[in-house]
Amino acid sequence: MRSKKPYTNATFTKRVDHEAGRHRPARAASEPAVCEDCGAVYESRRWTAPNSASGDQQQKHWRPQHLTVCPACVQQQSGEPRGFVYLDGAFFVTHHEEIEQLLKNESERAAEDNPLARIMEWKRGDTHKLTVTTTTEHLAQRLGHALEKAFGGTVHYDFSHENKLARVSWQRE
Ligand SMILES: [Zn+2]
């Protein structure tokens with residue numbers, strides 16, 4: 001049976017509006033907005049982690065959500081990190097599992113404070129034993145502190161304020 005619903009211009013107008021909304025910068029997103037990639041929620045002018053509220057709470061406070069892409073996902077797509085952590089030394093070779101686990105745990109804890117703080121990439125070998133890139137300068141620093149606290153060694157912080165980049169080098173022989 002064919003629908004008798006009239007196919008009006010309104011259909012097209014609506015679609016145009018939706019597209020315009022999607023391409024607005026994330027900071028100007030209508031609230032509440034949800035990142036269509038990672039599920040982070042933008043509300044009350046801040047981003048919260050996808051699983052920070054229980055199912056019940058989400059039901060209670062449910063309102064239509066606008067789709068957007070959060071700044072961290074935009075960064076992951078563009079591949080431009082704000083932080084680098086370089087790991088070197090013989091200790092890494094024999095303890096890489098513990099070290100990688102520590103970095104994962106620390107980045108998960110950081111995400112509770114700021115869901116936009118994330119590890120972007122893990123690169124083994126090449127110039128360094130391991131290079132970890134992060135979406136924020138702060139997360140790179142935090143990982144450096146965590147490495148030094150857990151495993152000792154030496155850590156060096158190098159900041160470029162102008163470019164908002166942090167390079168953290170950790171080493172233990
Ligand atoms: Zn996202």
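Analyst: Let's start with a term: a crossing of two helices is right-handed if the near helix is turned clockwise from the far one by less than a right angle, and left-handed if anticlockwise. Keep in mind that what you're looking at is a predicted model.

Now find helix α4, residues 90-113, and helix α5, residues 137-151. Here α4 passes α5 in a right-handed crossing. To describe two packed helices, you give the angle between their axes and the distance between those axes. For α4 and α5, the angle is about 130 degrees and the axes are 9 Å apart. Angles over 145 degrees would count as roughly antiparallel and 65 to 115 as roughly perpendicular, so this pair is called oblique.

Which residues of α4 and α5 make the contact? On the α4 side you'll see Phe91, Glu98, Ile99, Leu102, Leu103, Glu106, Ser107, Arg109, Ala110 and Asp113. Facing them from α5 are Leu139, Arg142, Leu143, Ala146, Leu147, Ala150 and Phe151. Sorted by class, that contact has eleven nonpolar residues, five charged ones and one polar one.

Methods
Residues are numbered from 1 along each chain as its sequence is written. This is a predicted model: local features need pLDDT of at least 70, side-chain atom pairs count only at pLDDT 80 or more; totals for chains, interfaces and linings use all residues. Side-chain values use heavy atoms; hydrogens and water are left out. Axes are lines fitted to C-alpha atoms, for helices over the stretch in contact, and angles run from 0 to 180 degrees between N-to-C directions. Helices (H or I, at least four residues) and strands (E, at least two) are DSSP runs, numbered from the N terminus. Angles under 35 degrees count as roughly parallel, over 145 as roughly antiparallel, 65 to 115 as roughly perpendicular and the rest as oblique. Contact means heavy atoms within 4.5 Å. Ala, Val, Leu, Ile, Met, Phe, Trp, Tyr, Cys and Pro count as nonpolar, Asp, Glu, Lys and Arg as charged, and the others, Gly among them, as polar.
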